[in-house]
Amino acid sequence: MANEATKTAKLSIEGEATIELPIYAGNEGQDVIDVGKLTSQGYFTYDPGFVSTAACESEITYIDGDQGILLHRGYPIDQLAEHSNYLELCYLLLNGELPDEAEGKLFVDTIKNHTMVHEQLNNFFRGFRRDAHPMAIMCGVVGALSAFYHDSLDIDNPEHRRITAHRLIAKMPTLAAMSYKYSIGQPFIYPRNDLGYAENFLHMMFATPCEDYQVSPTLARAMDRIFLLHADHEQNASTSTVRLAGSTGANPFACIAAGIAALWGPSHGGANEGVLNMLDEIGGVENIDQYIQKAKDPNDPFRIMGFGHRVYKNYDPRAKVMQETCHEVLAELGITDDPILEMAQALEKIALEDEYFVSRRLYPNVDFYSGIILKAIGIPVEMFTVIFATGRTPGWIAHWNEMISGPYKIGRPRQLYKGSSKREYSAKT
Ligand code: SDX
């Protein structure tokens, strides 16, 4: 639906006619200035890192960074974490409304019936070294899924988009567990339809063919909560990557593989692995001040991993829920004095009282505590970002589907060119 201008911005450029730009209002959050006509006036906008750029319209997730608010289809993340579960949130993200009992049961059963991957896909793993980073494997095997599902690659067919969404949500845990099993030289464990989503994932991660393996309900609940807290987050770098790839008409498996690649970076989804490595490097509470100084030194590339956020200039609401979950899981596991948690809490306290962090409104983000829970569950550090990618899949797919379902254009930003002007060729002598 075309947007109605609520106000007009007037751009006056010295010596030139004033350019009038329409302003549109969203249901929540900042209004936007439509700069589309600037090109015809001979200008581009310039916004490296897209700090002030709204790249699209969306109805899926809203973030108020100043207030630390996160809504999925209008529902606050803390209420979803307390009352909902991961598959129900997947349904909500994809369909816009919570499922009733029958819709919810059908969705769970549908996902269960897509959890296996083609047996040929097993061969893809054999090409990797055993010590390959599991994110490298996930980039490869998720993109390769498009080689197996020619029956559902018509992106203009809503039914194809629906089944692809189900296949990706269902198969990501299977592929994630396979990437772990491959790294430790153990046989792949098949998914089981009698287990819940998170329970099934932990079973595929830690069971062996040699004996029955019971997943702890506490750990299954914690795993489901971690998937839920990672499910979507507006137009972050990896979601924007999925949208940009999707805008070319690429198949959804390739788009999700592109999202996985973007998520891997330590400034984004790789931060959860970075937090544990950072805490390991700090080594003890007595060294925290030294590392706080490093983080504040503009000439030192060291950052406090799990701190700061492009949008949140308040506490990331997911980090609050994650911290509560952390305490619950450690207590239920009988882990009372986890040195890593103690160091993280000491680091958080010191940073939140330090003027450098306060003045820059730097707070813990979703990655700060997640790694401590994952470690307590028994997930190895190199698998942390794979867990993030698995949890984020419904968000990526919902945004891809939202774009493809309506009118869209191929994404093609311009630039401020600072290179050589035209010059005649002459070979160097
Ligand atoms: C995720 O976008 C999303 O929604 C992402 C995400 C999602 O769910 O998809 O929320 C998931 O990616 C969370 C962020 C995970 N990354 C980290 O925890 C890595 C550490 N954080 C930083 O790299 C940084 O905070 C970013 C990348 C997250 C945000 O960077 P910005 O928005 O570009 O901010 P910036 O680098 O311009 O920082 C502003 C100032 C700078 O100092 P000055 O130039 O003003 O002197 O704050 C400083 C930065 O140096 N700063 C930090 C810091 N984060 C920012 N200083 C020390 N430690 C940090 N962590």
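Ser 267 uses its backbone instead, placing an N or O atom 2.9 Å from a nitrogen atom of the ligand. On its own the ligand would expose 1000 Å², and the protein buries 75% of that (accessible areas come from the Shrake-Rupley method with a 1.4 Å probe, and for residues only the protein chains shown count as cover).

A quick word on what you're looking at: this is a predicted model, where local features need pLDDT of at least 70, side-chain atom pairs count only at pLDDT 80 or more, and totals for chains, interfaces and linings use all residues. Residues are numbered from 1 along each chain as its sequence is written, and side-chain values use heavy atoms, with hydrogens and water left out.

Now follow the chain to helix α17 (residues 384-405), where you'll find His 399; helices here are DSSP runs of H or I with at least four residues, strands are runs of E with at least two, and both are numbered from the N terminus. His 399 is buried, with a relative accessible area of 0% (buried means under 20%, exposed over 50%, partly exposed in between, using a 1.4 Å probe and protein chains only). Its side chain makes a polar contact of 3.1 Å with that of Asp 232, and another of 3.0 Å with that of Arg 243. Such a contact is a pair of N or O atoms within 3.5 Å; within protein, one must be able to donate a hydrogen and the other to accept it, and residues adjacent in sequence count only if both atoms are side-chain atoms.

Thr 239 also touches His 399, where contact means heavy atoms within 4.5 Å. Thr 239 sits in helix α9 (residues 237-246) and is buried too, at 0% relative accessibility. Beyond its neighbours within four places in sequence, Thr 239 meets other residues, including Arg 392 and Trp 396.

Finally, look for an open sheet of three strands, in the order β4-β5-β6 with antiparallel pairing. β4 (61-64) and β6 (75-76) are at the edges with a single partner strand each, so one side of each has no neighbour in the sheet. β4 pairs with β5 (residues 69-72) over four bridges (two strands pair if DSSP finds at least two bridges between them). Across that pairing, Tyr 62 stands opposite Leu 71 in β5.
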